[in-house]
Amino acid sequence: MMSAVLKLHEETHTMPGTDVGRIDIENASVVFNAPGGRKIEALAPTSLVIEPGSFISLIGPSGCGKSTLLNAVGGFVPITSGTIRLDGEPVTGINPDVGVVFQQYALFPWFTALGNVLFALKRFPISKEERRDRAYQALKEVGLEGRENTFPGQLSGGMRQRVALARTFVTSPKVLLMDEPFGALDAQTRVVMHEILLRIWEARKSTVIFVTHDVDEALILSDKAHIMSAGPGRIIETMDITDARPRLAHQMTENFLVNRNHIIGLLRQPGMGDH
Ligand SMILES: Nc1ncnc2c1ncn2[C@@H]1O[C@H](COP(=O)(O)OP(=O)(O)O)[C@@H](O)[C@H]1O
Ligand SMILES: [Mg+2]
């Protein structure tokens, strides 16, 4: 059964015009219960359609609910009202079709790079050889060929995030949730990670939701940027980013600068926090 599922995703990922990985968010809100019976509204009712295979960013001030929205899509946090659907199915809990890469390196330190990627394939009843082939291929795709037997502690921050990427992509998830994944990396390393991420995304066609508070990062990577208000956040504006890729930060087009100024202007409005 599971291998059939895995195979199906691979086929659909290579088929253009497919409808896999569509997310429909309708009036979804999240209220947390805090000590003393207090309620914290983390996400105001939010509606958003994310097209299959698209790359979208969520930008907004700290504490506006970006991570909360991402976690709700992943089924890690229950929504208080509204609905979130993945390919028509309501999200009710953690879904193996959804992969995550967060800022903190969630690698197993006692496994090698290869061991970490192999772990993700554990639930798929495919042969040991096929598992190894796929894991090696995924590590190659992120430029870690020859580093398969290295432990996370021996890798740089950027390389660790490449392992995390490989581990997530190796299962061909329909949706990839990324929460400020490159926030802890230096600017140079981040440029390399953007190239790697876009290459893999173009090859595998997962839907990507990318949270960042870096306007340039959103403009370099995504098809659409959704700008959120200060908490409890909601989407106040959606920007289509139509510039051809690769979009190089050192060769910004006029359109890039116009978009950048516009978003920074929105984030500087009163009540938007300290951005
Ligand atoms: N588990 C939780 N319990 C209570 N409050 C939370 C919880 N997670 C987040 N919050 C609160 O919800 C709001 C939004 O948080 P978050 O989604 O992490 O914002 P962002 O990722 O945009 O910085 C913040 O006020 C935060 O303190
Ligand atoms: Mg966050």
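**Note on the predicted model**

1. Pro-246 is located in the loop that lies between strand E10 and helix H8 (254-267). The structure under discussion is a predicted model. The peptide bond joining Arg-245 to Pro-246 is cis, and its omega is about 0 degrees.

2. A further cis peptide bond runs from Gly-231 to Pro-232, where omega is near -10 degrees. Pro-232 belongs to the loop between strand E9 (224-228) and strand E10 (235-240).

3. Asn-27 sits in strand E1 (residues 23-34). As background, most residues other than glycine have a negative phi.

4. Which residues surround ligand 1? The shell consists of Phe-32, Ile-40, Ala-42, Pro-61, Ser-62, Gly-63, Cys-64, Gly-65, Lys-66, Ser-67 and Thr-68. By class, five of these residues are nonpolar, five are polar and one is charged. Strand E2 (38-50) and helix H2 (66-73) each contribute at least two residues to this shell. Helix H2 gives the most, namely three residues.

5. For Gly-63, a backbone N or O atom is 2.7 Å from an oxygen atom of the ligand. For Ser-67, an N or O atom in the side chain lies 2.8 Å from an oxygen atom of ligand 1. For Thr-68, the corresponding distance from a side-chain N or O atom to an oxygen atom of ligand 1 is 2.5 Å. On its own, ligand 1 has 560 Å² of accessible area, and the protein covers 59% of it.

6. The packing of two helices is described by the angle between their axes and the distance between the axes. Helix H5 (residues 157-169) and helix H6 (residues 187-204) pack at an angle of about 10 degrees, and their axes are 11 Å apart. Angles under 35 degrees count as roughly parallel, and H5 and H6 are therefore roughly parallel to each other.

7. Which residues of H5 and H6 meet? From H5 come Gly-158, Gln-161, Arg-162, Leu-165 and Phe-169. From H6 come Thr-189, Val-192, Met-193, Ile-196, Leu-197, Ile-200, Trp-201 and Arg-204. By class, the contact of H5 with H6 comprises eight nonpolar, three polar and two charged residues.

Technical notes
Residues numbered from 1 in each chain as written. Chains lettered and ligands numbered in written order. Predicted model: local features only at pLDDT ≥ 70, side-chain atom pairs only at ≥ 80, totals over all residues. Heavy atoms only, no water. Axes fitted to C-alpha atoms, helices over the stretch in contact; angles between N-to-C directions. Helix = DSSP H or I, 4+ residues; strand = E, 2+ residues; numbered from the N terminus. Parallel < 35°, antiparallel > 145°, perpendicular 65-115°, else oblique. Contact = heavy atoms within 4.5 Å. Nonpolar A, V, L, I, M, F, W, Y, C, P; charged D, E, K, R; others polar. Near = heavy atom within 4 Å. Polar contact = N/O pair within 3.5 Å; in protein donor to acceptor, adjacent residues only side chain to side chain. Areas by Shrake-Rupley, 256 points an atom, 1.4 Å probe, with all protein chains shown as cover.
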